Amino acid sequence: MSHRHHDHAGPCGHVHDASSSHAQTAAGDAEPRLTGERSTRQRAAIRAALTAEARPMSPPEILQFAQQHVPRLGIATVYRNLKAMVEAGELSPVPLPGDRLYYELADKAQHHHHHFRCEVCERVFDVEGCDDTFNALLPKGFVLHAHDLTLYGLCADCSRSKPKRARA
Ligand SMILES: [Zn+2]
Ligand SMILES: [Zn+2]
C-alpha cells in the first residue's frame, strides 16, 4: 500500500469556507460537539452516502447526499464527523494531489487500488487493477516499495456531454 500519511492541510480546519459562510445559523453548525444519538445518525448518513456512491467523496458531496437522511445537517458538522470517523478507523482520507479532500471507507482503502479524477465534475472514482510494470521504470539498483497512481480525464457522464476531440 502506498497511502502516505496525509496531514489535513485542506479545508479540514477551516469550517467557514465558501459553502458554509452564510450558514452560521444552520442547525447542526451552531451546536456544540455532538455525541450520542444525533451523531450516530449523522455518521450513518455519511456512511450511507459513501456506500451508495461507492467512490471517494469530498465533504461538500457527502453533505449533499447525507442531507437526504439528516436534512438539517451542516458542513461544519460533516467535517467534525469525518474527522472523528477517521480517528475511529472507519474512514480514510484519500491521498490525492491537490488541496481538495476526499474520503473513502476504511475497508475499501485497505485493498490496493487507484483513483480516477474527472477534470470536469471533479468526482473521484475507484480504479481496479494495477500496472505491474513499475519496476521497469526504476534506475538500475533501485528497489521499489510503493507507488501512487492517479488517473485524470473525463468520467463517462462528462465525456458524453462534451463534444469529442480527436483522440491523441
Ligand atoms: Zn465527470
Ligand atoms: Zn497499484
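First, conventions. The model is predicted, so to speak of a local feature requires pLDDT of at least 70 and a side-chain atom pair counts only at pLDDT 80 or more, while totals for chains, interfaces and linings use all residues. Residues are numbered from 1 along each chain as its sequence is written, chains are lettered from A and ligands numbered from 1 in the order in which they are written, and side-chain values use heavy atoms, with hydrogens and water left out.

Now the fold. The chain has five helices and five strands; these are DSSP runs, H or I of at least four residues for helices and E of at least two for strands, numbered from the N terminus. From the N terminus, the order is α-α-α-β-β-α-β-β-β-α. Of the 168 residues, 36% are buried, meaning under 20% relative accessible area with a 1.4 Å probe, protein chains only. Among contacts (heavy atoms within 4.5 Å) with a separation of 6 or more, 57% link residues 24 or more positions apart.

Next, the hairpin. Strand β3, residues 114–118, runs antiparallel to strand β4, residues 124–127, with four bridges between them; pairing needs at least two DSSP bridges. His 114 sits opposite Val 127 in β4. Five residues separate the two strands of the hairpin, and Glu 122 in the turn has a positive phi of about 65°.

Now the cysteines. Which residues does the UniProt "binding site" annotation cover? The entry, which is unreviewed, lists Cys 118, Cys 121, Cys 155 and Cys 158. Such annotations may be inferred rather than shown by experiment. The four are spread over 41 residues of sequence but cluster in space, with a largest C-alpha distance of 8.1 Å.

Take Cys 155, in the loop between β5 (150–153) and α5 (156–161). Is Cys 155 buried or exposed? Cys 155 counts as buried because its relative accessibility is 5%. Leaving aside neighbours within four places in sequence, Cys 155 contacts Phe 116, Cys 118, Cys 121, Arg 123 and Phe 125.

Cys 158 lies in helix α5. Cys 158 is also buried, at a relative accessible area of 10%. With neighbours within four places in sequence left aside, Cys 158 is in contact with Cys 118, Val 120 and Cys 121.

Note on methods:
Buried means under 20% relative accessible area, exposed over 50%, partly exposed in between (1.4 Å probe, protein chains only).
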